[in-house]
Amino acid sequence: MNKIWLVTQREYLTRVKNKTFILTTLLTPLGILVFMAAVVLVMSTGSDKVKVINVYDPTLLLENELKTRDNLTFKFSNESLDAQKELYKEKKINGILEIPALTDSLASKYVYKYHSDDQLAMDETYAIESAIGKKIRNYKLKKLNIDSNTLKNLDTDVSAEPVTILADKKISSITTIVSSVLGGVVGYAMFFIILFYGMQVMRSVMEEKINRIVEVLISSLKPFELMMGKVIGVGLVGLTQIGIWLILMPIIYIIGAALFGINPDSMGAMNTGNIPMEDIAMSSQDKIGQIFLEIRAMNWWLILPLTLFYFLAGYFAYSALFAAIGSAVGEDINEANSLTLPVMMPLMFSMYIGISAVNAPDSSLAVWSSMIPLLSSIVMPVRLPFDPPWWQIAISVVSLVIFSIFLVWLAARIYRVGILMYGKKASFKELSKWIFYKG
Amino acid sequence: MNVLSLQNVVKAYANHIAVNDVSFDVKAGSIFGLLGPNGAGKTSLIRIITTITAADSGKIFLNDHPLNHLHPNEIGYMPEERGLYKKMKVGEQLLYLAQLKGLSSKDAKIKLRNWLEKFEILSWWDKKIGDLSKGMSQKVQFIATVVHDPSLIILDEPFSGLDPINANLIKDEIYQLKEKGASILFSTHRMEQVEEICEDIVLINKGKILLYGGVDKIKNDFKEHLFSVKYNGNLPESISDHNYLIVSKTANEIVFKAGVDQTSNDLLRNLINSHVNIVSFNEIMPSLNEIFIKIVESNNE
């Protein structure tokens, strides 16, 4: 036990003290922030030149109304089009918006003209088009004698109110959305973390074998102790890195927001693809509040420890397998690639099942694979926010524990032979023989 | 007292027997040679003694106790294929290896300082192994092998890759460790080193013991009763009348082969009586190298 701890310490400290580790750990959140800031900047800046556009609207369709934007000024002018074109030639204006008369008052199509050698930016076009669209709509309403209130009454906001029959708890329509996002994020994160740190274990094993230090080591401690120390050490590095990110992200976000003036609204604008906020602003305040309520209402006392459990069990099983593969290969990284493929398969498979489980958490595929060991380590955490029945969790936990212990045992059998085996081409046939080697 | 005792040890792999009924004892405070050609089973045997693998049958005792999981702390092992973490610093690495052998961090630090000072390499403490030359990292490896004061030190080809100066340094250390009471099991196929250092040897080939005993006794057993005589002046004609077979003759040296019942005294007496001007008189002892080649070749036939 003491020796496992020594190995764990070494694996942990040499990694954590490594410059690359420190840099990636500290710079990744910063990098993400810079990236997001850059995206926000790119999305929010339109044209940086001041533009003056004349609007030629002889039929007063726009009723002399078009909102001026930051760098864009609209001037209504009744001068003839030719006279305005002269202004364009003198470079006094950047373009002329020609609003033709609405000939067919009920036409479903309307075309306006923009006279200029330059094109309008996307958001400018969008603003103009929605302004004209609104005017035409109002015009049509009047023409058809429809009261705008009457029209409003035609629209119905349909949403479902889930009501449980047996379970005694409240769920709202947002519960499903929040659960889906949460499940999806957890599923993806588990996949990448297990894969990334599992590979690190494999590389560490290969390094010791290539270095030949492994023979000195196992004359001091059992191969199993060496393998477990390694797996635990790398796992702790992973937890440390994730922990630091979880702390750093909000801090850097707050600092960043203060420095660059990024506010959540502009982030929101980015996500909604520049649709004017006012359209959703009304309900979004409520919704955000509701989301927080939902998040708070989740059974965190169950979800958090169980997610951690599934992560640990999955990580142990997979990284032990990666260690076994690392012990079998030695120098040839290509050989490692062909051997890791079968281990990657259940991992990738379970991630895809996990993603589909977000949409259908109670499908038989999701239910079964959340109880099958190895698959369950990713699929079940995805289902956890959806409150799966306790017996499914129980079966899943017990089977995963038993199977993980079995896999670690199996991997250790291969590992102890593999680390001392040189010059033999590692194949699965060979590996399975090693399992049965005595002492 | 024996530091190590092997009794009828057998280890078989899928398609060959690596160690076949091997028994020998290593006396406490002695230097013992484990000899054999490549693939003879030396490494398999060492891995069994270091508890890396287990024997299929037979008994092994370390300091009179059956080999158990605590014993690795009493053994220092330097494998033929040297290896250290290239990216770790000398100090941290030695500290880690010493702690794996059961030393506390505090004890390990004190002992390591002494060793590094002894080898005049204390300034390397913060150097990375990858930046050291091969000879330098060999010194570090040697320290890692002996820092925990093992009662049995197993050295597999300890001098390979060392220049004569560093080889002598290590050799002196081996003698000093022996003086302090440690036993050294020395695995090699370099016979001249064995002859110089070892008191007892075991020679194995194809997993089996071919020879086992004290170096002097083995040499005695294999001697061919050859005597070399160096002389001045002329040899008398009558020298060929004696009952000795003349193996070779040069201007100032003659080699006789004596019969089984003839002693060196008889030969010497005859030479004196023949008025030979003797400068030196030696019995020619076989070198271990000759014995090794002779035995292994006849075994392989």
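Among contacts in chain A between residues at least 6 apart in sequence, what percentage join residues at least 24 apart? The figure is 69%, where contact means heavy atoms within 4.5 Å.

Before you click around: this is a predicted model, where local features need pLDDT of at least 70, side-chain atom pairs count only at pLDDT 80 or more, and totals for chains, interfaces and linings use all residues. Residues are numbered from 1 along each chain as its sequence is written, chains are lettered from A and ligands numbered from 1 in the order written, and side-chain values use heavy atoms, leaving out hydrogens and water.

Start by selecting chain A. You'll find 16 helices and four strands, which are DSSP runs numbered from the N terminus (helices H or I, at least four residues; strands E, at least two). Of its 439 residues, 41% are buried, meaning under 20% relative accessible area with a 1.4 Å probe, protein chains only.

Next, pick helix H14 of chain A, residues 376-383. Eight of its eight residues are buried, including Ile378(A), Met380(A) and Arg383(A).

Now for the largest nonpolar core, with 151 residues. Such a core is a set of buried Ala, Val, Leu, Ile, Met, Phe, Trp, Tyr and Cys residues joined through side-chain atoms within 4.5 Å. Leu217(A), Met227(A) and Phe24(B) are among the members touching the most others. Helix H11 of chain A (300-329) gives the most, 16 residues.

Zoom in on Phe24(B): beyond its neighbours within four places in sequence, its contacts include Leu4(B), Phe32(B) and Tyr212(B).

How values were computed:
Buried means under 20% relative accessible area, exposed over 50%, partly exposed in between (1.4 Å probe, protein chains only).
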